[in-house]
Amino acid sequence: NKKQDLLEKAYQMNDLTKEEIIALLESITPEDRENLFSKALKTKEKYYGDKVYLRGLIEFSNICRQDCLYCGIRASNTKVERYRLTPQDILACCDQGYELGYRTFVLQSGEDLWYTEEILTDLIRQIKNRYDQEIAVTLSIGQRDAEIYRSLFASGADRFLMRHETASEALYERLHPTMRFEERRACLDTLKEIGYQVGAGFMVGLPGQTSADLAEDLLYLKKLHPDMIGIGPFIPHSETPLGTEKGGTVEDTLVMVALARLLIPDSLIPATTALGTLHPLGREMALQAGANVVMPIITPTSVRKKYALYENKICGDDHPEDCRYCIERRIQAVGQKVDLGRGDSWKFIAKG
Ligand code: SAM
């Protein structure tokens, strides 16, 4: 059977052509999916064992200068109540996260220029010098000048997450009226060059996205070879221009997670909150299809619901400690183990 051969090839060689990926995506059956997921899980185990890394996610501002058509905190959405955590607030979140055992803090926000180079470098230095054990700081703050990326890295930031969103230039330009396809990719190249552990990634089920586009996403990632790959379903938000579109499905997203694991086998792949929002066991299913990271939210409960990239996002009323132990139970329920280390990528560790 041709599809079984293709899956075997992906598993053995960590490689597929664009045509092969498209062929798989267009004719995949439930049995093929099970086969794919079990190969992806085995591949993950080969590199990372049964470990799952946790990152404490701090959503520190929902103010954004960009206007991405899909995003609930886009600049044009006047219905969002905007908030901005002060550096003191962010440090308090880190302290609480550190107490809960997290050794990576992901600082994520809209593109909010209130956080100047000076404020950010000062904050990063304070976080890095604050604790007995070494921690990693990950930034996910969107596009800035190369000099700023450089000075944030010099002040101690370890990693940077910036999804490429889609590898289709036409689709990218349609969805991002205030951003350019080439510029986003150039940012990723710059971040990598500076020395960050870089996370790229994309959404599944975007309006107009084809199997060929998804194949390009995987091939782009294979070429970029980032340390991390975030893949989540597109979930429509009613206060955006895409509010009435259909969203991505759990099945399609899991297939892309598993294929990413086979094609870029040493990468860190989160089981995303968006998957957990589509299905109560979405993140667990991702962990059984090749994902090996979970990013529990440690944003203060008072502002959580305002960071609504999409609607019905899970954990809106939870407190950081609820998420910490809820996640641990979920990971154990699928026979895997929480690892509270820094959780660097295989590639990063191998580089020494
Ligand atoms: N502003 C930073 C950036 O652009 O990298 C970080 C924050 S941004 C809100 C984080 C990610 O949320 C985006 O990369 C995008 O993939 C995802 N996202 C936004 N709206 C979404 C939606 N409606 N459904 C699913 N994911 C969404």
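Before the details, note that the model is predicted.

Helix α1 covers residues 2–13, which is 12 residues.

Now to pairs of helices. Two packed helices are described by the angle between their axes and the distance between the axes. I'll give both for each pair.

Take helix α3, residues 30–48, and helix α10, residues 250–263. Their axes are 9 Å apart, and the packing angle is about 40°. Are they parallel or oblique? With angles under 35 degrees counted as roughly parallel, α3 and α10 are therefore oblique to each other. The crossing of α3 past α10 is left-handed. On the α3 side, the contact is made by Arg33, Leu36, Phe37, Lys39, Ala40, Thr43 and Lys44. On the α10 side, the residues are Glu251, Leu254, Val255, Ala258, Arg261 and Leu262. Sorted by class, this contact of α3 with α10 has 7 nonpolar, 1 polar and 5 charged residues.

Helix α10 has another partner, helix α9, residues 211–224. The axes of α9 and α10 come within 10 Å and cross at roughly 30°. This crossing of α9 and α10 is right-handed. From α9, Leu214, Leu218, Leu221 and Lys222 meet Met256, Leu259, Ala260 and Leu263 of α10. The contact of α9 with α10 has 7 nonpolar residues, 1 charged and no polar.

The last pair is helix α4, residues 87–99, with helix α5, residues 117–128. Here the axes come within 11 Å and the crossing angle is roughly 25°. That makes α4 roughly parallel to α5. The crossing of α4 and α5 is right-handed. Pro87, Ile90, Leu91 and Cys94 of α4 meet Ile119, Leu123, Gln126 and Ile127 of α5. What classes of residue make up the contact of α4 with α5? There are 7 nonpolar, 1 polar and no charged.

Finally, the ligand. Which residues come nearest to the ligand? Of the 19 residues around the ligand, the nearest are Cys71, Gly142, Arg163, Leu309 and Tyr310. The shell as a whole divides into 10 nonpolar, 6 polar and 3 charged residues.

That is the end of the talk.

Technical notes
Residues are numbered from 1 along each chain as its sequence is written. This is a predicted model: local features need pLDDT of at least 70, side-chain atom pairs count only at pLDDT 80 or more; totals for chains, interfaces and linings use all residues. Axes are lines fitted to C-alpha atoms, for helices over the stretch in contact, and angles run from 0 to 180 degrees between N-to-C directions. Helices (H or I, at least four residues) and strands (E, at least two) are DSSP runs, numbered from the N terminus. Angles under 35 degrees count as roughly parallel, over 145 as roughly antiparallel, 65 to 115 as roughly perpendicular and the rest as oblique. A crossing is left-handed if the near helix is turned anticlockwise from the far one by less than a right angle, and right-handed if clockwise. Two residues are in contact if their C-beta atoms, placed from the backbone, lie within 7 Å. Ala, Val, Leu, Ile, Met, Phe, Trp, Tyr, Cys and Pro count as nonpolar, Asp, Glu, Lys and Arg as charged, and the others, Gly among them, as polar. A residue is near a molecule or strand if its C-beta atom, placed from the backbone, lies within 6 Å of it. The expected span of a helix is 1.5 Å times one less than its number of residues.
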